[in-house]
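Here's a quick briefing to keep open while you turn the model around on screen. Have a look at the fold first, then at the ligand site.

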Amino acid sequence: MAERPPVVDWTRDFDHNHPDWSQDPHAIWDDLRRRCPVAHTDRYRGVYLPVRHDDIRAIAYDTEHFSSRRISILEKPPISAPIPPVTSDPPRHRPQRTMLLPAFTPAAIGELEPVTRQMCNELIDAFIAAGRCDAAADYASHVPTRVISRMLGVNERDGDRFRTWIHDLAGDSVEDGVVFTRVIREIDAFFRAEIAVRRTNSRSDLIGFLMDQTIDGEPLSEQHLLGTLRLLLLAGIDTTWSSISHTLLHLARTPEHRRRLATEPALMPSAVEEFLRVLAPVSVARLVVKDQEVGGCKFAAGEMVLLPYPAANRDPEKFERADEIVLDRQENRHSTFGLGIHRCIGSNLARMELRVAIEEWLRRIPEFELAEGASLNWSRGLVRGPRSVPVRFLPV
Ligand code: HEM
């Protein structure tokens, strides 16, 4: 990782790639919420950081002043590689999104539950006899990769390639235009080959489904098709992986929670919402396209805004005992899947994967703890989660 200048003052010089942020961004956001609820930095060519729920919500809903044309924060001007619908603004966004929804309904996702359970068990079979594993690398990272591969109709054994692409697009190397262009070319070549196969023999998978879509009576352009396929492949992998591995880390450290879930399985739906809320992985960005004022602060056109949805979830103005995981919390309108028109299309899928992954783990490995001397390795950037969670299984 490139050496970064130390942060002098988080209110006017924050850096979302700083190791302190990766280790514990909530400590930073809590402090900012008390002192300066909209922080700013001149790094990355100028970025604002609101940390109160209501300000984050107002910006996410305001597509007139805040555009999704740019959703990541980079040192250099990014190379344009749209991934519709997430990088589209109204009015183009709505039809691009609507056509995807039938593939992600609760009924469509429900059909994937048995195979997801089977995949989780195959993963557990591979390490249970050893009495230990890395819950992030050996388990959590594979569950969403295998499920989305199955949905798309591509080879589930290609998972390592997909994770390498994510790594290259999320790390420092994304600043390197050569790496970025190479990865996009590789993904596009991968999908072009898959599309060609389906042009000769149609298939009823997600790629085939997308190839059949039209907008205003016209088939999707190749750029649109490839952009959306890139999004569908990548949007659900490191996000869901982070939620599963962070939840397992929490359970490894919290015996009373894993025991309660093992003995009261009916708690699982509300517990999953709490894991999603408190351990939320995803922040996104917007480009300010017109000057605006939110929460008493001015946002100047041309700069970026970072929207930390995980901070919105821990705002004490919005949630009682905001930092605490309350397994049976009843009212839980969290922002983990975003707010406004870009709210996550994959939320039913992510919820199912998280629930099934935790249910199967607890059924087979009810007692476990962090391995002695375990070092956790946190991802950097806008999707945050532990990438290494070494655990040891305990006798029951
Ligand atoms: C725990 C797992 C996940 C989290 C926390 C998450 C979070 C998010 C967030 C915060 C957004 C809003 C982005 C914005 O405001 O600009 C979003 C959008 C999106 N997510 Fe997810 N996501 C997860 C899993 C998935 C999965 C499994 C898929 C399926 C492939 C998926 C597909 C999408 C798509 C297509 C959008 C764009 C929606 C639009 O622009 O209208 N996500 N997600």
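This is a predicted model: local features need pLDDT of at least 70, side-chain atom pairs count only at pLDDT 80 or more; totals for chains, interfaces and linings use all residues.

Residue numbers start from 1 along each chain as its sequence is written.

**Overall fold**

- You'll find 17 helices and 14 strands in the protein; these are DSSP runs numbered from the N terminus, with helices being H or I of at least four residues and strands E of at least two.
- The radius of gyration is 21 Å, close to the 21 Å from the globule rule for 396 residues, so the protein is as compact as a globular protein of that length. That radius is taken over C-alpha atoms, and the rule is 2.2 Å times the number of residues to the power 0.38.
- Buried residues come to 39% of the 396 (buried means 20 or more other C-beta atoms within 10 Å of the residue's own, exposed 12 or fewer, partly exposed in between, with C-beta atoms placed from the backbone).

**The five-stranded sheet**

- Five strands make an open, mixed sheet in the order β1-β2-β10-β7-β3; strands pair if DSSP finds at least two bridges between them.
- β1 and β3 (66–67) sit at the edges with a single partner strand each, so one side of each has no neighbour in the sheet.
- β1 (residues 38–41) and β2 (residues 47–50) pair antiparallel over four bridges, with His-40 partnered by Tyr-48 in β2.
- Five residues separate β1 and β2 in their hairpin, and Tyr-44 in the turn has a positive phi of about 55°.
- β7 (residues 284–288) and β10 (residues 304–307) also run antiparallel, joined by four bridges; Ala-285 stands opposite Leu-306 in β10.

**Around the ligand**

- The ligand is surrounded by 27 residues, the closest being Gly-236, Thr-239, Gly-338, Cys-344 and Gly-346 (near means a C-beta atom, placed from the backbone, within 6 Å).
- That shell has 17 nonpolar residues, nine polar and one charged. Ala, Val, Leu, Ile, Met, Phe, Trp, Tyr, Cys and Pro count as nonpolar, Asp, Glu, Lys and Arg as charged, and the others, Gly among them, as polar.
- α12 (222–235), α13 (237–253) and α17 (347–364) each supply at least two shell residues.
- α13 is mostly covered, with 15 of its 17 residues buried.
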